[in-house]
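Here's a quick briefing to read alongside the model. Have the sequence and the 3D view open as you go.

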Amino acid sequence: MMIVAQILRRVISVIALVACVGLGLVACKSVTTNDTVDYKSAGAVRGPNLAYPPDLITSQADRRYVVQDGTATMSDYNAAMKKSVQLRSNVLAGIPGMHIARDGERRWLVVEKPAPELYPQVKDFWQENGFLLVIDSPSTGIMETDWAENRAKIEQDWIRSTIGGALDSIYDTGERDKYKTRLEVSKPGETEIYITQRGAIEKCVTDTTGACLSTIWTPRPNDPELEAAFLARLMERLGMTQEQAKAMVAAPLGPKTPKAQLVQEGANTAHIVLSTTFDRAWRDVGLALDRSNFTVEDRDRSNGVYFVRYVNSKDLGDTKGFFTNLFSSKDDSNLKAKKYRVVVQKADENASTVYVQDADGKPENTPAGTQLLTLLTEQLSR
């Protein structure tokens, strides 16, 4: 895709240059934009496209994860969105008691309102920003967007401004993002909202001469600033002014939680030690799961258990890349996610431990269990 786009852009640039000369350079000018986030013309508008990296876990078979408005086509979706906007023509009243909480580079939103009342508003927020939801689970307070492209990263050069939007699809950033939102009830009448971002980047597979033969999708580092940008937008959506939201998000970050320590007890027996209270450990483990290849199916805070699914990317092989392997002809059994329990336990007032169990609640004393704990430790240490 990247190679084709580059060739097309060269052709279009020649056409645009001729057009500019013919028009006396009247319409040829460089246009820039100050908007750093714009997903409104991303995958949600273009419809299904194999160029967009699919997730490691396919959720369509689970009815809990189907977008609940029931739309099946893009025209139906747009019509439903238009109707939804009309129904919300009266601007929502601002929500009092809303603020940003921090821990190191982590930020999350705290709102003095019950989660069941907030969930529909947060869902509307993502759809209004141009995203389709692939996970929509009010019962667990979790929603996740499909992969989408941030079109604001594409420079508004003279070629695009001359040709117009008709051929805009040939421009591509080579990057995709998806966002997971989790609503956590911290105490009665108060909800914590976490937004985590996952990214992918398209890279060339080169031959010995350095020529690009094909492209593959690979993971790219998490971007806390994108998370902060959407937290600010969500605060605006919930009634705060743009200036107030930006000021809260831009406030200096606080001290970081001490790093997690992986304790190896035997060949395949290990656990994580966190020098923090249970409440903080529960929150940090949840964020670590959101930023990894885990899908949280359910959670039981009273017993400190996250019920998760996980697909090991190594099981997919790496000849075609992290995402594109899903289009290979391998047996579907290779793609099935395994179920685990991630258990957070209080050790004392300022210490917690994290264990991995199998789907039946038995210790996962296997290389896979150690690998999962290692991945979580890396995320918890960031």
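**K203 and its surroundings**

Setting aside neighbours within four places in sequence, K203 is in contact (heavy atoms within 4.5 Å) with S214, T215, I216 and T218. Keep in mind that this is a predicted model, where local features need pLDDT of at least 70, side-chain atom pairs count only at pLDDT 80 or more, and totals for chains, interfaces and linings use all residues. Residues are numbered from 1 along each chain as its sequence is written, and side-chain values use heavy atoms, with hydrogens and water left out.

- K203 sits in strand β6, residues 190-206 (strands are DSSP runs of E, at least two residues, numbered from the N terminus).
- K203 counts as partly exposed because its relative accessibility is 44%, and that class lies between buried (under 20% relative accessible area) and exposed (over 50%), using a 1.4 Å probe and protein chains only.
- From K203 to I216 the C-alpha to C-alpha distance is 5.4 Å, with 13 residues of sequence separation.

**Strand β11 and its partners**

- Five of the six residues in β11 (residues 305-310) are buried, so the strand is mostly covered.
- β10 (residues 294-300) runs antiparallel to β11, joined by six bridges (strands pair if DSSP finds at least two bridges between them).
- V305 in β11 stands opposite D300, and its bridge partner in β12 is V343.

Conventions
Helices (H or I, at least four residues) and strands (E, at least two) are DSSP runs, numbered from the N terminus.
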